[in-house]
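Hi everyone, thanks for coming along.

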Amino acid sequence: MSHGETFAATGFHRAARYLGYMEKQPTQFPDRAALVAHVKALSPGVTDDAVSETRGGRAAAEALLAAIDPTAYGHNRNYLDGAVTRLSPYIRHAIVSLNELRNQALEMGDVKAIEKFIQELGWRDFWQRIYTQNPDWLWHDIEPYKTGFVASDYADTLPQDIAAGETDSAAMNHFIQELKTSGYLHNHARMYLAAYIVHWRRVKWQAGARFFLGHLLDGDPASNNFSFQWVASTFANKPYFFNLENLQKFAGMQAPCDFHTNKCFGGSYDDLALTLFPHMAAL
Amino acid sequence: MTQLIWLHEDCLRATHRLFTETASADTAKPVFIWDDAYMSAMHYGLKRRVFIYESLCELPVDIYVGDTIETLRDLHSQWGVDEIVTGKTPNQALKAMMQNLRAEVKLSAIADAPFVQMDSPPDLRRFFKYWNKAKKKAFLYDGRP
């Protein structure tokens, strides 16, 4: 069939589509800027111009694979400067499989030393299994909130100051800017920011989950949304929250965590629970 | 038999079983469909799109732009493909596309190597219920005895 016949038979739009996908897209570019420009041209609806320094592809993943330290990870993974692998975007898109990562870890230390590392891989497997078994749970509350509030007490949309990284918390603003520019947040920073959105600002976890998915290179519907539900307490027995002491301990060297710019997190867990969850009897 | 390998965003690895278990390279044609509407529905911004495109540039795959179903349907027809083979995924949007295509063409979805191989389904009500069962295999090479 000639292009002319295609035009005649099915009209302009059909012909334009035909011509378009007969053309293979380039896979070699003079530099990264040219690749980014090409992707932008293929993404007419995208208004966000940020590009992460994290490179896609197996070569970049293998450089990170060569540097993993599962034993150190077991000791310091909760610190923002801990020995995390930064492999999550590659795992998300199966550029690296959980199986090969586990197999490599097994060759690097005794089972006890790498137990936490492998257990964390299990979380990814767990979320994927839940998504497979219960796809309807992805955007719906799995269970009621255990915060003393009901779902309708939470806002549907993300407040603009959170989206812009202009909240009253310097630490949260730091995390939001990092999320938006790098497409990555340490898992503990994700938990802090997710808890801030849901519990301090009383916003539905779905709004936070959409915000994260729009920026995270490793954003996975299952891992992201079910983790949000875990923080919110719609897939946990209690809400996850934190106080300033915890924030300073694990993030104090990487984010601005002083009291004066993070007052809302000050106090004991009991004090914060009374403020955040006034209708709850006790946690 | 001519197979068309449909590489989607949940299987961007050359050692995925999708590649290793399909026919010879002469007949298996790997393609990725750059579907702007799908990526927008997934909330993907420029960061993610660049990451995916860079990853594709290292793979033996041809990238075409268009609606995923329409493009695959037409490639299937034009190339005389007997079967579309793709990667298994829990992603509901991709599964819906697979279901749609199956109405017209033969399509198989191949699972990646599992993290753990369990004899019976684990209890997924809480992580530790799952983990108490999974950990018996999780510390074994390839997740099995």
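Let's begin with a question: in chain B, what percentage of the contacts with a separation of 6 or more comes from residues 24 or more positions apart? For chain B that share is 68%. Please keep in mind throughout that this is a predicted model.

Let me stay with chain B for a moment. Chain B has six helices and five strands, and along the sequence they follow the pattern β-α-β-α-α-β-α-β-α-β-α. If you draw a box around the C-alpha atoms of chain B along the principal axes, the box comes to roughly 50 × 35 × 30 Å. Chain B has 145 residues, and 39% of them count as buried.

One residue I'd like you to find is B:Trp34, in strand E2 of chain B, which covers residues 28–34. Is B:Trp34 buried or exposed? B:Trp34 counts as buried, because 21 C-beta neighbours lie inside 10 Å, and the cut-off for buried is 20 or more. Leaving out residues up to four places away in sequence, B:Trp34 touches B:Ile63, B:Tyr64 and B:Val65 in chain B, as well as A:Gln25 and A:Leu42 in chain A. B:Arg17, on the other hand, is 17 residues from B:Trp34 in sequence, with 22 Å between their C-alpha atoms.

Now over to the place where the chains meet. On the chain A side there are 59 residues in contact with 48 residues of chain B. Several helices of chain A supply at least two residues each to that side, among them H2 (12–21), H3 (32–41), H8 (115–133) and H13 (221–232). Which helix gives the largest share of the side of chain A that touches chain B? That would be H8(A), with 13 residues. By class, the side of chain A that touches chain B has 27 nonpolar, 21 polar and 11 charged residues.

So let's zoom in on H8(A). H8(A) packs with helix H6 of chain B, residues 127–138, with the axes 10 Å apart and an angle of about 120° between them. That angle makes H8(A) oblique to H6(B), and the crossing of H8(A) and H6(B) is right-handed. On the H8(A) side, the contact is made by A:Ile118, A:Gln119, A:Gly122, A:Trp123, A:Asp125 and A:Phe126. From H6(B) come B:Phe127, B:Tyr130, B:Trp131, B:Ala134 and B:Ala138. Sorted by class, the residues of this contact of H8(A) with H6(B) are eight nonpolar, two polar and one charged.

Chain A is assigned domain 1 (3–41), domain 2 (58–135) and domain 3 (151–276). Between the centres of domain 2 and domain 3 of chain A there are 23 Å, and 13 residues of domain 2 of chain A are in contact with 14 residues of domain 3 of chain A.

Note on methods
Residues numbered from 1 in each chain as written. Chains lettered and ligands numbered in written order. Predicted model: local features only at pLDDT ≥ 70, side-chain atom pairs only at ≥ 80, totals over all residues. Contact = placed C-beta atoms within 7 Å. Helix = DSSP H or I, 4+ residues; strand = E, 2+ residues; numbered from the N terminus. Nonpolar A, V, L, I, M, F, W, Y, C, P; charged D, E, K, R; others polar. Buried ≥ 20, exposed ≤ 12 C-beta atoms within 10 Å, placed from the backbone. Axes fitted to C-alpha atoms, helices over the stretch in contact; angles between N-to-C directions. Parallel < 35°, antiparallel > 145°, perpendicular 65-115°, else oblique. Left-handed = near helix turned anticlockwise from the far one by under 90°. Domains from an automatic or database assignment.
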